[in-house]
Amino acid sequence: MTSVQVTDETDAELVRSVDLIREVPDFPEPGVLFRDIGPMLSDSTALRAITAALGRDLEFDVVAGVEARGFLLGAAVAQHFGTGVIGLRKPGKLPAVADSISYELEYGHATLELPADTLAAGQRVLVVDDVLATGGTLGAACHLIAQAGAEVTAAAVVMELTGLRGRDNVSGTEIRTLLKA
């Protein structure tokens, strides 16, 4: 049985989707319980439910998906709501970079890059990723978008690992989480 809670118990498909999450003990290192949402994403009904719930009742012009699962989710959300999608990438993946930001992770450093000619000042952006853990990546993504002169209207993630208190590192941004663990 999974230890994940649905944030909206009225959404029957989200409730059903939780059962598709695979828990893998001791991955990627001993003592860590990894929650694999891959089986959830591969189920068409669950993917539709997740996609609709991530953007429901939010106003945005474009979706920014954070590498790598955020690409999958972001593209699905953009398609569902009729917007475009921007991929926030790791260094060395883009031929033209508008801006970049480096940030701390619980296990090191990382950098995200915004592709050139994809985001206009004043656009309303929904940032999408798979998991909110320590908040480093999500906070950096929101900051990168704001630096470009766009407005982060909200950040949406499938799962929040509440014990890591990642919300504390994404202050000032509305955060939608579908599942909490």
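The exercises below concern a helix contact and the aromatic pairs in a predicted model.

**Exercise 1.** Determine how helices H3 and H4 are oriented relative to each other, and which residues make the contact.

*Solution.* Helix H3 covers residues 44-55 and helix H4 covers residues 69-81. Their axes come within 9 Å and cross at roughly 75°. Angles of 65 to 115 degrees count as roughly perpendicular, and H3 and H4 are therefore roughly perpendicular to each other. On the H3 side the contact is made by Ile50, Thr51, Ala52, Leu54 and Gly55; H4 contributes Leu73, Ala76, Val77, His80 and Phe81.

**Exercise 2.** Classify the geometry of the aromatic pair Phe27 and Phe34, and state how accessible each residue is.

*Solution.* The model has two aromatic pairs. In the pair of Phe27 and Phe34, the ring centres are 5.2 Å apart and the planes stand at 85°. Planes over 60 degrees apart count as edge-to-face, so this pair is edge-to-face. Phe27 has 42% relative accessibility and counts as partly exposed. Phe34, with a relative accessible area of 30%, is also partly exposed.

**Exercise 3.** Work out which parts of the chain the pair Phe60 and Phe81 ties together, and whether Phe60 is buried or exposed.

*Solution.* The rings of Phe60 and Phe81 are 5.6 Å apart centre to centre, with 70° between the planes, and form an edge-to-face pair. Phe60 lies in the loop between H3 and strand E4 (62-66), while Phe81 belongs to helix H4, so the pair ties together parts 21 residues apart in sequence. Buried means under 20% relative accessible area; Phe60, at 8%, therefore counts as buried. Phe81 is partly exposed, at 31%.

Terms used. Residues are numbered from 1 along each chain as its sequence is written. This is a predicted model: local features need pLDDT of at least 70, side-chain atom pairs count only at pLDDT 80 or more; totals for chains, interfaces and linings use all residues. Side-chain values use heavy atoms; hydrogens and water are left out. Axes are lines fitted to C-alpha atoms, for helices over the stretch in contact, and angles run from 0 to 180 degrees between N-to-C directions. Helices (H or I, at least four residues) and strands (E, at least two) are DSSP runs, numbered from the N terminus. Angles under 35 degrees count as roughly parallel, over 145 as roughly antiparallel, 65 to 115 as roughly perpendicular and the rest as oblique. Contact means heavy atoms within 4.5 Å. Rings of Phe, Tyr and Trp (its six-membered ring) pair if their centres lie within 6.5 Å; planes under 30 degrees apart count as stacked, over 60 as edge-to-face and the rest as tilted. Buried means under 20% relative accessible area, exposed over 50%, partly exposed in between (1.4 Å probe, protein chains only).
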